[in-house]
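Subject: A structure for you to look at

Hi there,

Here is the structure I promised to pass on.

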Amino acid sequence: MPVRVVESSAPSQVPVLLQAFSGTQNVSNLQKEEAWRVNVRIQGCDLEHGYLCGTMEALNVPLADTPVVTFWEGEIVDTKNYAFFTDKWEATSEDDIRHWTKFPSFSPLLNQVEADGGKSLDLSNYPYIFMRWKEQYFVNVGTDCGLTIAGFYYVCFSCSDGSINGFYYDPNSSPFQKLELKSTSEERSGFSSSSYELQ
């Protein structure tokens, strides 16, 4: 899907990162400890509509002969387009609070989110960007690859160091699978405030 950079006429306070990340997803359960290496590429972002998309590549997946690549679409929690309460994908408001509170950066927002879903918060200058990523389909393998994409990720991006942390939610999977990613782009401090449009 082509992406076109559109310079915004009004300066945005939200840094947008069209770049690559690498790290791990801890998929441990009560029976065994397990972590997969993960690569993520954010390929498109539209701040005005709170949308972003990209690909996720899971390496060393036990039942797969090859790395598993998925395409995902995301929602930026900006309180204009998307709030902290998911209201879909089988997530209740209790599930949302349980996952968002795993991020220390969410603590100062908790009372307001519990009061009105965070709709009255101004997150434009907040040093973290909260998102949800929902994998839509497998890119290079069939659905029999040993992975499920039924759930979604609660995600927190740090504007100061470019790191991403997340937690996978699927009521039928191991709870709180932690995603930890660092930027692999060469220009680590080069956060852009341009808007991006998908064509």
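Strand 3 and strand 4 make a hairpin with four residues between them, and Gly50 in its turn has a positive phi of about 65°. Strand 3 covers residues 35-46 and runs antiparallel to strand 4, with eight bridges joining the two. Please keep in mind throughout that this is a predicted model.

On its other pairing, strand 4 meets strand 5 in the antiparallel sense, over eight bridges. Thr55, which lies in strand 4 (residues 51-58), stands opposite Phe71 in strand 5. Is Thr55 buried or exposed? Its relative accessibility is 19%, and since buried means under 20%, Thr55 counts as buried. Leaving aside residues up to four places away in sequence, Thr55 touches Asn39, Val40, Arg41 and Gln43, as well as Val69, Thr70, Phe71 and Trp72. Strand 4 as a whole is largely enclosed by the rest of the structure, because seven of its eight residues are buried.

Moving along the sheet, strand 5 (residues 68-76) is joined to strand 6 (residues 128-138) by seven bridges, and these two strands run antiparallel. Here Glu73 stands opposite Lys134 in strand 6.

Which residues of helix 1 are buried? They are Asp95, Asp96, Ile97, His99 and Trp100. The buried residues of helix 1 pack against strand 6, strand 7 and strand 8, and also against helix 2 (110-116).

Two loop residues are worth a look when you go through the backbone. Most residues other than glycine have a negative phi. Thr79, although not a glycine, has a positive phi of about 65°. Thr79 sits in the loop between strand 5 and helix 1 and is buried, with a relative accessible area of 18%. Phe176 is not a glycine either, yet has a positive phi of about 55°. Phe176 lies in the loop between strand 8 and strand 9 (177-183), and at 28% relative accessibility Phe176 counts as partly exposed.

Finally, the overall numbers. The protein has two helices and ten strands, which follow the pattern β-β-β-β-β-α-α-β-β-β-β-β along the sequence. Of its 199 residues, 48% count as buried. Among contacts with a separation of 6 or more, residues 24 or more positions apart account for 59%. The accessible surface comes to about 10,200 Å², and 48% of that belongs to carbon and sulfur atoms.

Best wishes

How values were computed: Residues numbered from 1 in each chain as written. Predicted model: local features only at pLDDT ≥ 70, side-chain atom pairs only at ≥ 80, totals over all residues. Heavy atoms only, no water. Pairing = 2+ DSSP bridges. Buried < 20%, exposed > 50% of the residue type's maximum accessible area, 1.4 Å probe, protein only. Contact = heavy atoms within 4.5 Å. Areas by Shrake-Rupley, 256 points an atom, 1.4 Å probe, with all protein chains shown as cover.
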